[in-house]
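This report is written for a reader who is new to protein structure. Please look over the sequence and the model before reading on.

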Amino acid sequence: MSLTFLPPNIQPIQSLIAQQIGMELSVLRLDNMHPLVNGNKWFKLKYNLLEAQQRNLTTLLTFGGAYSNHIFATAAAGNLLGFRTIGMIRGEERLPLNPTLSFAVQQGMQIFYLDRQKYRQRHTAELQAELQQRFGNVFIIPEGGGNLNGVRGCMEIVNNAAFDTVCVACGTGTTLAGIILSLTKSQRAIGFPVLKGGEFLKSDVDNWLKNYLASGLPVAHEEIASWQLICNYHMGGYAKVNDELLQFQQQFTQEQGIPLDYVYTAKMFYGVMDLLKQGFFPKGDRILLIHTGGLQGNIQRRD
Ligand SMILES: Cc1ncc(COP(=O)(O)O)c(C=O)c1O
């Protein structure tokens, strides 16, 4: 599997409050590892693509919304690595295609649409069998790369970096689960759900951890690091924004030179900076914020 990546770099955040209380605040820039296949998306795809390759399956089929970072990354990775790709998109076709789907099509992805009711069945054996029959022998990757291969790839994100607390934005919690499994007992992970009512992710993440540990896939440590969710920085729900968030996003980029996407990373960064002001983190804490990419979504706003 050969894509050329820049090693993800760790960039310090200049924060007066952090300095005053002797804290170290840094960003792991997964967003600039590769121009097209980057962020947590690559880590969630990596072992899926390896498994497809090992099983001699040359077509990847996956699912996503019309603005999906995962559809974007799968189309690009497939094109670069010689896989045929099929994207099953939630909802009705809308023409002209938005920039995410136009890009996917340019990369050679074949796009089909599933109405919302059918899309809800995407995890069922029935729909998967129907798709296998329709498209031939395809390697199915779940929406967002959310499976144990995805968790396994995300165990490689932090890569032994010496931090006490690792913060990440959560959609399905797959990335958080991989990060938790890679940390030592003395470190902790904090997930910031970007969906409203993100408390439901607690049991989802527990299940990822349990299922991963029962799967026989490689583990980094015997004991699981501590972790928690902070659920009050969703700003109204998935892909919803308010003026405060947009202002924060703009100001942060200006001051730190780090672009953020407004669906995931801006909410997590906002949350961390807010918690910092409230004295949430222990004095001397070394905090690593994971920049999970998603910047392709900034050129378009959702409805
Ligand atoms: C940019 C970005 N950050 C964070 C996430 C959240 O990842 P997960 O679904 O693994 O929680 C996603 C979605 O996959 C994403 O696209």
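The sections below describe a pair of helices and a pocket.

## Basis of the report

The structure is a predicted model, in which local features need pLDDT of at least 70 and side-chain atom pairs count only at pLDDT 80 or more, while totals for chains, interfaces and linings use all residues. Residues are numbered from 1 along each chain as its sequence is written, and side-chain values use heavy atoms, with hydrogens and water left out.

## Helix 3 and helix 4

Helices are DSSP runs of H or I with at least four residues, numbered from the N terminus. Helix 3 (residues 69–81) and helix 4 (residues 99–106) have axes that come within 8 Å and cross at roughly 15°. Axes are lines fitted to C-alpha atoms, for helices over the stretch in contact, and angles run from 0 to 180 degrees between N-to-C directions. The two helices, helix 3 and helix 4, are therefore roughly parallel to each other (angles under 35 degrees).

In their contact (heavy atoms within 4.5 Å), I71, F72, A75 and A76 of helix 3 meet T100, L101, F103 and A104 of helix 4. By class, this contact of helix 3 with helix 4 has seven nonpolar, one polar and no charged residues. Ala, Val, Leu, Ile, Met, Phe, Trp, Tyr, Cys and Pro count as nonpolar, Asp, Glu, Lys and Arg as charged, and the others, Gly among them, as polar.

## The second largest pocket

A pocket is an open set of points on a 1 Å grid over the protein atoms alone, where a 1.4 Å probe fits, with protein on both sides within 12 Å along at least five of seven lines; lining residues have an atom within 4 Å of a point. The second largest pocket has a volume of about 410 Å³, a volume being the space filled by probe spheres set on the points. Of the 16 residues lining the second largest pocket, F248, Q251, E255, M273 and K277 are the closest to its centre.

Helix 1 (16–20), helix 10 (243–256) and helix 11 (265–277) are the elements that give two or more residues to the lining of the second largest pocket. Helix 10 supplies the largest share of this lining, seven residues. By class, the lining of the second largest pocket has seven nonpolar, five polar and four charged residues.

Conventions: Parallel < 35°, antiparallel > 145°, perpendicular 65-115°, else oblique.
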